[in-house]
Amino acid sequence: FLNLKKNFNGKVDWNFKNYGKLWNYNLNYFDFLNYDKVNLNFSINLTKDFLNNYHNITYGRDPYPTSLRIFNIIKFCSKNNLFEKEFIDLIYMDTKLLMDNIEYHLLGNHLLENAFSIYLSGLFFEIEKFKETGKKIIVNQLKKQILSDGAHNELSHMYHKIILFKILDLLNFHKSNPKIQDSTFVNFLKSNAERMISWSNSFSLKNGYSPNFNDSYRNNLNLSDLRKYQKFLEIPKINLGLGESGFRKIVKKNYSIFLDIGNIVANHQPGHSHADNLNFELLVGDIPVIVDTGVSTYESGTIRDYQRSTEAHNTVTINGNSSSQMWDVFKVAKRATTKIINQNPNYIYCKHDGFKDLNVFHYRSWDFKEKKIIIKDELKGNISNLANSFFHLHPKVKIKKITEYKFNFGLCNIEFLGDIDEVKLLDYNHAADFNVLNKSVCISVAFTKKLKTIIKF
């Protein structure tokens, strides 16, 4: 799991924690039950072993992995028409445990996962209390968590797709069991699925590429699977575009660029947010060139701290400070607010107040031409502060220095003009996935008041 292997030599330690809490969670999700190539008897034996050790299990009985395990086992039983006592007992025990530990305190995707599983268990057992409890939370939270443009409010394409596929699975369960009559709820789920699919399409390129803004990585929930599922479930295709989520996508003949000009929307649960106001990702054709540094861990420490910081994004720091205060693993204190001043299909101009404690406001504009992009950064207020603008290159990009302030990487040049103090090439670790870091290069431009960046294709 998470690109770290462990051989248990025939006896699983369900409490194995040497690789961190998230790895242990994955061990206890029971995703393996629904892998195509896993032996059926192997899956049955593992489930029986888990049940035999149930009361000694620690992290695995937390509400989040319990939710995913319930959902996975019900899918497994239904697909294989396999209803042995051990599976039934485990689903019921997990559901009772979850009912007593619903994550109202966390909200966000955790609470939705709890509700999806409790509701599905209610359908599976035909227990009205389970069904109504899950349904009530789902309706309440989808109304709150899904934005007007279809995005999930934690603004991670990874968690967005995880939630979306659960909604599609619930619709599939209803489609496969026509005796379950609840057209109002089914239509509610379909409406949310329509909007969420619209956002997934808008936040991606045709080849399925999405930028890794906030806590995201390239999981196995891809657009082609999504579109097949949408067609199977006969969910209409709509196009809402990108709006309330604060993301924008500009596609030209020579390049595609994604912008983050929004704010932390899930104010009650900002744990998957980063200090990335006015961040962007750039692709030339289908090739990622300037990219987000990504996420490789949820473990406390310097790596997690760096990956959430402003320095790890393609935007500006002041005196080394981040625009918002990221702390602990999933917490945020002072939060920057971005304001859109002007926008049209070829021009976007914004500012944010993340450095107002220093009496500095960061203004950034993007001017999109067919063969070039002009990015202008301006600091207004106390201009004695030193700013750094960062441009993180994808590990496969080879950079060549042309002049002190001009560089080439493949099919484009980048040049810096303005109140420049120094331009340096720095090494950084790009997170391709959890626990996968690849060496790459970042351009760091130190300036005082104004910086003009010209990218030519």
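**Cavities and a buried serine in a predicted chain**

Residues are numbered from 1 along each chain as its sequence is written, and side-chain values use heavy atoms, with hydrogens and water left out.

Let me begin with the overall form. A compact globule of 457 residues would have a radius of gyration near 23 Å, and the 24 Å of this chain agrees with that; the radius is taken over C-alpha atoms, and the globule rule is 2.2 Å times the number of residues to the power 0.38. Along the principal axes, the C-alpha atoms fill a box of roughly 70 × 45 × 40 Å. Of the 457 residues, 56% are buried, meaning under 20% relative accessible area with a 1.4 Å probe and protein chains only.

Now to the cavities. I use the word for a set of points, on a 1 Å grid over the protein atoms alone, where a 1.4 Å probe fits but cannot get out, and lining residues have an atom within 4 Å of a point. Grid points are joined across faces, edges and corners, and a volume is the space filled by probe spheres set on the points. The count comes to two cavities of 30 Å³ or more.

The largest has a volume of about 130 Å³ and is lined by 16 residues, of which Asn214, Asn263, Ile264, His274 and Asp276 lie nearest its centre.

What space lies in the second largest cavity? About 40 Å³, and its lining consists of His157, Lys161, Trp199, Ser200, Phe203, Ser204, Ser210 and Leu223. The elements that give two or more residues to that lining are α7 (157–176) and α8 (183–202).

Finally, a single residue. Leaving aside residues up to four places away in sequence, Ser273 touches Asn214, Ile264, Arg308 and Met326, a contact being heavy atoms within 4.5 Å. Asn214 and Ile264, I would remind you, are among the residues nearest the centre of the largest cavity.

Terms used: Predicted model: local features only at pLDDT ≥ 70, side-chain atom pairs only at ≥ 80, totals over all residues. 1 Å grid on protein atoms, 1.4 Å probe; cavity = no way out; pocket = protein on both sides within 12 Å on 5 of 7 lines; lining within 4 Å. Helix = DSSP H or I, 4+ residues; strand = E, 2+ residues; numbered from the N terminus. Buried < 20%, exposed > 50% of the residue type's maximum accessible area, 1.4 Å probe, protein only.
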